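Grab a pencil and keep the viewer open. Below are some exercises, each with a solution that goes step by step.

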Amino acid sequence: MGAASEKDVRTAEQRRADVAADLFEHILRNGLDWLGRRLPDQHRRRPHIEVVVPASTLLGLDNDPAELTGYGPIPAGMARRIAADGTWRRLLTDPANGSVLEASTTRHDPGVLVTETLLARHPVCAWPGCNRTSRECDRDHLIPFTQSGRTTLTGMAPYCEYHHVIKDTKAWRWKTVSHPDGSITLTTPTGHRYTTVPPARGPITQQPDANPTAGPRQAAHDPPPF
């Protein structure tokens, strides 16, 4: 029997899912909705699917999982299939901690390079406990541009509209300080401090221990073991 006469063994739910996937793939590829209207841009990018995958996984050297932004880990094989038909963008990360590296510009409004690096470094709102995706947040200058004259990765953070208003209302006395590793410390009006550390977005190189017979080293901020 020919392929055309083979029975479709998919369930009704599977067929509906495949139709929906084909429809949205067509919309994403053309940048137009079902009425032919241009999709709205967000942070200078039209809607798209974003996958962060290690270069070693793309090359087939290992099968470490990739990350589908807004969803979570996906298998290496799926990431390679997406990458084979996608647009690649290099993302440099620190091998020691997996954090995204610096990018900067002298423009007040961040360009594509700084914006994309910022959103990759901070996948969600930088406010402690807020999980609003960074692509739906404002790109905030932690130090006003009128004072610094530069727009840098470490000088910016994504805040959702609600928390952006709270942070920038001087009468409420919230303060933020950014650190070189991408973490941000928030000081409340009562003096309490909370530090948000962005997740690792790249592979971390294991450093050899100078004394392999010694036990695990204690971090400087750990409490004493007594």
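**Exercise 1.** Which strands are included in what covers the buried residues of H6?

*Solution.* Before we start, two notes on the model. It is predicted, so local features need pLDDT of at least 70 and side-chain atom pairs count only at pLDDT 80 or more, while totals for chains, interfaces and linings use all residues. Residues are numbered from 1 along each chain as its sequence is written, and side-chain values use heavy atoms, with hydrogens and water left out.

Step 1: find the helix. H6 spans residues 161–168, and His163, His164, Ile166 and Lys167 are buried there. (Buried means under 20% relative accessible area, exposed over 50%, partly exposed in between, with a 1.4 Å probe and protein chains only. Helices, H or I with at least four residues, and strands, E with at least two, are DSSP runs numbered from the N terminus.)

Step 2: check the side. These four cover an arc of only 165° around the axis, which puts them on the same side of H6. (The arc is that of the directions from the helix axis to the C-beta atoms.)

Step 3: look at the cover. It includes strands E5 (138–141), E7 (156–159) and E8 (175–178).

Step 4: On the face turned away from the buried side you'll find Glu161 and Tyr162, both exposed.

**Exercise 2.** Which elements give two or more residues to the largest nonpolar core?

*Solution.* Step 1: list the members. The core has twelve residues, among them Trp127, Ala157, Tyr159, Ile166, Ile184 and Leu186. (A nonpolar core is a set of buried Ala, Val, Leu, Ile, Met, Phe, Trp, Tyr and Cys residues joined through side-chain atoms within 4.5 Å.)

Step 1: recall the background. In soluble globular proteins, nonpolar side chains tend to be buried together.

**Exercise 3.** Why is one side of E8 and of E10 left without a neighbour in the sheet?

*Solution.* Step 1: write down the order. This open sheet has three strands, E8-E9-E10, with antiparallel pairing.

Step 1: find the edges. E8 and strand E10 (193–196) stand there with a single partner strand each, so one side of each has no neighbour in the sheet.

Step 2: zoom in on a pair. E9 and E10 pair over four bridges, and Leu186 has Tyr194 in E10 as its bridge partner.

Step 3: check what else Leu186 meets. Leaving aside neighbours within four places in sequence, its contacts include Trp127, Trp174 and His192. (Contact means heavy atoms within 4.5 Å.)

**Exercise 4.** Is Thr57 buried or exposed? And what about Thr133?

*Solution.* Step 1: Thr57 is in helix H2 (residues 55–58). Its relative accessibility is 0%, so Thr57 counts as buried.

Step 1: Thr133 sits in the loop between helix H4 (112–121) and E5. With a relative accessible area of 26%, Thr133 is partly exposed.

Key
Two strands pair if DSSP finds at least two bridges between them.
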